[in-house]
Amino acid sequence: MPTVGVNRDKLFEKLGKVYTDEEFDHLCFEYGIELDDVTSEKEMLRKELASTVAKGGDSKLAAEAAAASEEVIYKIDIPANRYDMLCVEGIARALNIFRGTQSSPQYNLADMTGKQPLQMVVKPETALVRPFVVCAVLRGIKFDPARYNSFIDLQDKLHQNLCRQRTLVAIGTHDLSTIQGPFTYEALPPEEIKFVPLKQTREFNAKELMQFYLENDQKLKKFVPIIHSSVVYPVLYDANRVVLSLPPIINGAHSAITLDTQDVFIECTATDLTKAKVVLNTVVTMFAEYASTPFTVEPVEVVDALGNRTLYPDLSYRSLTLTTDYVNSLLGLQLPGEEIVKLLTKMQVAAELGPDGKELLVQVPPTRSDILHACDVAEDVAIAHGYNNIPKRIPPTTTQGRELPLNQLTELLRAEIAMSGFTEVLTWALVSHAENFEFMRRPDDGITAVEIGNPATADFEVCRSSLLSSALKTLAANKDNALPIKLFEVSDAIVLDPSKSVGARNERRLVAVFCAKDSGFEVIHGLLNRVMEVLGVPYKEDPAAAGSPVTYHWSPSADPAMFPGRQAAIFTGDTQVGLFGIVHPEVLAAFEVPYPVSALELNLEPFVFNQFYESLLEPLST
Amino acid sequence: MADLETSLLQALHAQEVIADSGDLAKSLGVEHIVLVGTIRSLQASEMIIAEDIDHFRYVLTDEAQGYLTAGSPEAQVFNAVPAGEGITLAELKARVPGEAGDVGFKQAMQQRWLALDKSAAGEPRVVRKVDAIEDRTQQLLADVTGGRELPKAEAESLAKKRKLIKPEQWKTYKLTKGPKFALERKKPATDLTFEMMSKGTWRTQEFKDYNFNALGVPPPSGQLHPLLKVRSQFRKIFTQMGFEEMPTNQYVESSFWNFDALFQPQQHPARDAHDTFFLTKPANTPADRGVDKDYLNRVKSVHEMGGYGSVGYGYSWKLAESEKNLLRTHTTAVSSRMLYRLANQPGGFKPAKYFSIDRVFRNEQVDRTHLAEFHQVEGLVCDRGLTLGDLIGVLNQFFSRLGLKKLRFKPAFNPYTEPSMEIFSYSEQLGKWMEVGNSGMFRPEMLRPMGLPEDVNVIAWGLSLERPTMILYGIDNIRDLFGHKVSLSMVRKNPLCRLGL
């Protein structure tokens with residue numbers, strides 16, 4: 001969820017009202033935005049400074065902090081789909097319309113009768129790297145420092161969110177008086193693109209510029225990989241071969257906008273045309289309020305590689321037809337049509353009631369790209385009506401409560417094991433590769449563990465294919481406890497399984513460990529016997545086992561994680577379902593457990609059956 | 001010891017009073033100090049009363065022991081001086097060497113037994129002044145040894161000036177019968193035993209006072225984990241409300257069911273490697289395994305171009321992206337499979353109420369409030385004609401079972417629900433509104449491609465299991481609750497979970 005910092009007094013000026021923090025917080029809550037923090041530039045810098053004090057402080061930062069403004073800044077959280085609220089202009093407009101103090105502006109294209117719009121000609125090579133461009137012009141803009149900063153901040157916010165760090169869309173804004181159409185959007189080998197980039201004083205070619213940014217620019221270097229490996233780089237030229245920008249990296253210095261700029265040329269290059277249009281619409285609809293003819297935008301004609309001509313921005317209002325019944329039945333309300341129309345007005349959505357009084361003809365403005373479906377309109381009705389004014393009803397749905405048999409058995413068994421004197425632990429499914437294999441003295445055969453491709457930390461490289469490593473980690477972290485320590489966990493191990501559609505499956509297992517000055521092998525053996533007793537599964541050699549469809553037995557095994565000669569595999573029928581024994585001292589050393597440990601790990605899934613021995617496993621997918 | 005105790009008790013019984021325990025010790029042939037232990041023990045049991053008798057006497061110092069037979073130093077010196085012409089000082093020193101010589105000469109001079117004759121030429125000579133002496137000092141020392149009393153002045157002189165005797169003090173006791181006198185001691189028992197019960201001796205047995213200030217012995221026991229105790233209560237609340245548990249025991253999921261089926265666009269930030277654990281093994285779920293081809297095409301189409309009344313997202317949907325495997329980021333991946341199943345089951349759609357509580361995974365750095373895996377609690381109701389009012393109703397029902405009776409709702413955004421509501425609860429303890437969960441109605445772009453009938457709506461909500469548990473038990477670091485660094489004593493001391501009572 002993006003957070004936008006706005007100057008509180010500027011916001012209140014636009015709202016025509018001064019709120020207390022509490023009142024404003026309440027207004028935000030009603031609308032579905034959130035007043036996250038109340039701060040100031042000075043305070044933010046002070047906090048940053050405080051965090052550098054340990055490192056000896058930062059004198060430049062200290063000077064900045066001393067000079068910084070004390071004006072109050074509201075940090076406001078905006079829902080991720082409301083791109084039209086990423087600047088103070090948009091927030092104030094939305095809240096004004098919501099409170100009924102302003103009506104929704106009508107966004108228009110400038111009347112171009114008798115005039116030739118500016119042209120942007122797209123060269124076919126751009127398809128290799130960044131195929132789309134859309135443009136627009138804002139005429140007669142009056143900037144002041146606050147508006148100028150807001151204009152820059154909005155582009156930043158859009159780049160971070162909708163533009164996905166400029167991969168999908170990149171915005172360039174230019175002082176139109178410094179450049180001349182028609183413009184071209186081209187893709188050229190980097191060595192051939194030469195210009196003075198923004199914030200630099202000398203000319204670079206694009207290839208050396210990328211290198212320069214990689215080495216010297218913390219902010220821009222992260223965008224370089226978007227085009228770095230491409231044979232051609234996207235570039236925009238004016239009629240005199242002046243470089244407007246090298247998207248999605250940097251604009252040219254030549255056409256940079258300043259506080260004195262009046263006519264702004266906006267271009268958005270993209271790999272996703274839909275998003276480019278939304279981004280362009282967002283920028284122009286927000287800042288057209290400062291245009292000489294407010295809310296009017298001059299279009300630019302984009303001529304694509306096939307010669308098709310399209311005027312941008314597309315500020316058309318999308319029609320959507322729905323019914324009052326739909327809205328009311330979705331929300332559980334009985335609002336009259338007129339009321340719904342009134343409520344929608346508060347959400348910047350113009351609606352008309354059809355002749356039958358039930359049909360709603362809705363005009364979705366170009367700012368509300370979040371409205372995809374009638375349900376989005378219904379939500380706006382709910383917000384304007386107030387979520388907390390909607391009468392509650394208990395759903396009439398009658399169904400039978402039921403636990404998943406696997407989980408119910410788990411619940412029953414956990415209680416039994418705790419009754420046997422073992423303390424339950426709860427450990428992570430994600431472990432390092434070493435914990436799952438090397439520490440356990442178990443070789444990675446490559447067909448056992450689920451592997452993660454992009455872990456943020458090396459602690460989480462694989463999903464555990466056995467629960468024992470987690471139990472040993474818990475023992476190591478609790479060395480100072482009085483001995484003996486008896487722990488257990490009933491959780492899922494995750495193993496590769498090519499027979500499953502996703503290629504892996506969970507397996508519900510029990511792990512138990514006994515840690516003392518002596519191994520306690522017989523204690524763990526006894527726990528196995530007890531667990532089987534409560535599961536109603538007799539030992540194969542027990543005379544009582546005769547006639548039981550399920551029995552268990554054990555026989556000496558050779559698992560590398562266990563001490564030779566002090567371990568056994570557990571079977572039901574011919575299937576191995578577990579293992580118990582003394583943990584190998586080298587395994588204990590790897591986990592830094594200083595005392596002997598005996599352990600039991602058992603797959604519980606073969607024992608998930610009802611009193612008729614019918615399996616109750618219900619896998620989610622096959 | 002027992003013999004000594006018996007002897008003492010019998011002697012006291014015979015004599016009624018024992019005037020001095022010192023005499024008793026003598027008659028029993030033991031050191032008095034040995035008897036003192038027995039006296040104290042009987043006294044503590046109130047069987048006898050012992051009154052202190054203070055004793056005083058002089059004994060010889062180590063120096064004086066020698067003089068008892070050899071005579072006092074002054075007598076030794078006198079005897080060393082021959083009658084008549086006497087002896088030189090040097091000769092005398094040779095005859096009575098050491099300290100005895102020095103002290104004896106000084107004393108003998110003071111007693112005027114000897115004199116120093118300087119009349120003759122040469123060295124002065126020590127001569128006798130009297131013919132015979134009486135060795136009073138030796139006599140006094142003999143008196144001390146014999147236990148005879150010394151004249152006060154002489155005793156003090158011997159003790160203080162000459163340090164030949166020293167005072168000694170000790171106690172003996174006058175013994176009389178105590179309130180609990182008996183010939184044999186009855187030891188008070190600390191516990192009622194099987195033997196007492198079988199012999200019936202518990203009736204007369206005296207019992208030691210019990211120390212009620214100490215804690216009892218903790219029972220040997222195992223314990224359940226706090227978070228899972230809370231999970232058990234949540235499970236009960238759900239099943240009591242008629243919800244059926246979903247099979248969530250599958251952490252590995254395809255992007256299709258985790259995201260695409262939920263109408264979450266392929267460029268959504270949640271699908272970034274920064275947020276989601278993507279798998280290299282098993283890397284993919286081929287779309288032809290487990291996803292119906294027609295359904296897959298409907299999902300693709302609703303993303304790209306919309307349908308069912310939606311305009312869609314207008315981008316090129318990639319099959320390969322949907323096949324990428326991941327660790328599920330929410331249990332809603334399971335809900336989407338279950339809803340698809342519900343729409344396509346034999347016999348057609350039937351209303352359902354589902355719940356699950358299981359692990360979900362986020363590719364985050366671990367800190368005090370974040371783990372890479374946590375438990376998501378999810379509930380959903382799928383039926384014809386459900387409304388936002390139903391969601392508000394069921395949320396009030398559910399959260400009031402958790403003791404959160406005052407709720408309010410904030411508009412929110414979620415890619416697969418519309419309307420969406422964040423759930424806030426007023427905490428009387430903290431005096432503020434706190435976010436306790438998220439909720440919404442699943443979007444038609446998610447439900448209709450699955451084949452759920454037009455009038456079927458799904459209301460759903462979710463929350464984490466860890467957060468309410470941390471608030472409930474006052475735990476401020478999530479790693480203390482979930483993971484191997486948990487404190488076992490916290491687990492052991494944790495009370496039962498009263499949620500849902």
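Select B:Arg231 first: this residue is buried, with a relative accessible area of 15% (buried means under 20% relative accessible area, exposed over 50%, partly exposed in between, with a 1.4 Å probe and protein chains only). This is a predicted model, in which local features need pLDDT of at least 70 and side-chain atom pairs count only at pLDDT 80 or more, while totals for chains, interfaces and linings use all residues. Residues are numbered from 1 along each chain as its sequence is written, chains are lettered from A and ligands numbered from 1 in the order in which they are written, and side-chain values use heavy atoms, with hydrogens and water left out.

A:Glu411 lies in helix α13 of chain A and B:Arg231 in helix α11 of chain B, so the pair joins two chains. Helices are DSSP runs of H or I with at least four residues, strands are runs of E with at least two, and both are numbered from the N terminus. At 17% relative accessibility, A:Glu411 is also buried.

Next, select B:Asp260 and B:Arg271. Their closest N and O atoms are 2.9 Å apart, in a salt bridge. Both residues lie in the loop between α12 (255-258) and β9 (279-281) of chain B, so the pair ties together parts that are eleven residues apart in sequence.

To see a network, select A:Glu403, A:Glu411, A:Arg414, A:Glu424, B:Arg231, B:Arg235 and B:Glu245, which are joined by salt bridges that share partners.

Move to B:Val144 in helix α8 (residues 136-145) of chain B. B:Val144 counts as buried at 8% relative accessibility. Leaving out residues up to four places away in sequence, B:Val144 touches B:Tyr58, B:Val59, B:Leu60, B:Leu150 and B:Ile165 (contact means heavy atoms within 4.5 Å). The C-alpha atoms of B:Val144 and B:Leu60 are separated by 7.2 Å, although the two residues are 84 apart along the chain.

Finish in chain A with the open sheet of three strands, ordered β1-β3-β2 with antiparallel pairing (two strands pair if DSSP finds at least two bridges between them). β1 (3-7) and β2 (34-40) of chain A are the edge strands, each pairing on one side only. Six bridges join β2(A) to the antiparallel strand β3 (residues 72-77) of chain A. A:Glu34 has A:Asp77 in β3(A) as its bridge partner.

Terms used
Salt bridge = Lys/Arg side-chain N within 4 Å of Asp/Glu carboxyl O.
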